[in-house]
Amino acid sequence: MNKVGVLTGGGDCPGLNAVIRAVVRRAAQNSVKVVGIKNGWKGLVDLDTADLSVDSVSGILTKGGTILGTSRTNPYKQPEDVKKVIDNYKKLGLDALIAIGGEDTLGVANKLFKENKGIKVVGCPKTIDNDLNATDYTFGFDTAVNIAMEAIDRLHTTAESHHRIMVVEVMGRHAGWIALHSGLATGSDVILIPEVKIDLDEVCDILKKRHARGKGFSIVVVAEGAQFKAGQVVTQEERLDSFGHVRLGGIGEILAQEIEKRTKFETRVTVLGHIQRGGTPTAFDRFLATRFGVKAMDLVLAGKFGYMASLRGTEVTEEPIEKAVGTLKTVDMKLYELAKTFFG
Ligand code: F6P
């Protein structure tokens, strides 16, 4: 094992740099060189790379984003791009590739590995949405939840002063983990997630009853991927990215208008958006990302290709990448039922 490539793909999240640093440090300990692939799979299509050293990753642990850049490039959109990826992997003289990403990036990694064309991959799971299967947690999630928590706490005080309803739209494309955790952590009055269709009558009923018992303000947390009973996800544009995803956003605004119309309570909306993905990672995410980076490098050294780092309970272990792609880890309904105890 002489040379290993590392890339970060898909939406960025706090902790990516911590993984890159850990990979490089573990590699250096074992006299392995690391090549950074720029901008996810795009860097392997375009042969855009930078050598990484202990020096070049010094000081990045605390930084958000990714020093390698990222993209949502899917080489499987164009057969010639897959060929370029394979050719460039060989041209770079790589013995293995560590792909840090969510379902899409790891899906490509798994496909390349399964096609058996000489690409040896190890995965490292990331997403603020925490919706990847085969790991209990992904790094980035804890930071996103804490950012949402702080924002909601702040909205709480202004909601109370003005006797308003505050609708807060958080990220969560297919799963409501961020909404659930930040909503519970802040004592929010309604939490709406993609897994359960929104019943407007029920929401307004909860809010009216709360106001009737003298609480003149309420907080409603809604995940961007939540849908009304009779409706579809709310999108910002119809165009799909190269993995077939639409750009979500806007459910908060529509929900706020409906709530105000039906309850007559003054309502405002705040969309947290990419703020949840930016900035420095929490201690939990730095710790997890560092453990994942070391594990990913250890999997490479042990020749366990097609596997990814995974957190099970408190142990960092390994799981086949294919277990993480295909189906998503959605919110456990027992937890959502628990959250309902605190609605209103
Ligand atoms: O998958 C993570 C995520 O943050 C989703 O919650 C969100 O829908 C999406 O990425 C936004 O992606 P982009 O950065 O392309 O707007």
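The model is a predicted one in which local features need pLDDT of at least 70 and side-chain atom pairs count only at pLDDT 80 or more, while totals for chains, interfaces and linings use all residues. Residues are numbered from 1 along each chain as its sequence is written, and side-chain values use heavy atoms, with hydrogens and water left out.

Ten helices and 13 strands make up the secondary structure elements of the protein, where helices (H or I, at least four residues) and strands (E, at least two) are DSSP runs numbered from the N terminus. Of the 344 residues, 53% count as buried, that is, under 20% relative accessible area with a 1.4 Å probe and protein chains only.

H245 is placed in the loop between β9 (235–237) and β10 (247–248), and this residue counts as buried because its relative accessibility is 16%. The side chains of H245 and D104 are joined by a polar contact of 2.8 Å, a term for a pair of N or O atoms within 3.5 Å of which, within protein, one must be able to donate a hydrogen and the other to accept it, residues adjacent in sequence counting only if both atoms are side-chain atoms.

Key: Buried < 20%, exposed > 50% of the residue type's maximum accessible area, 1.4 Å probe, protein only.
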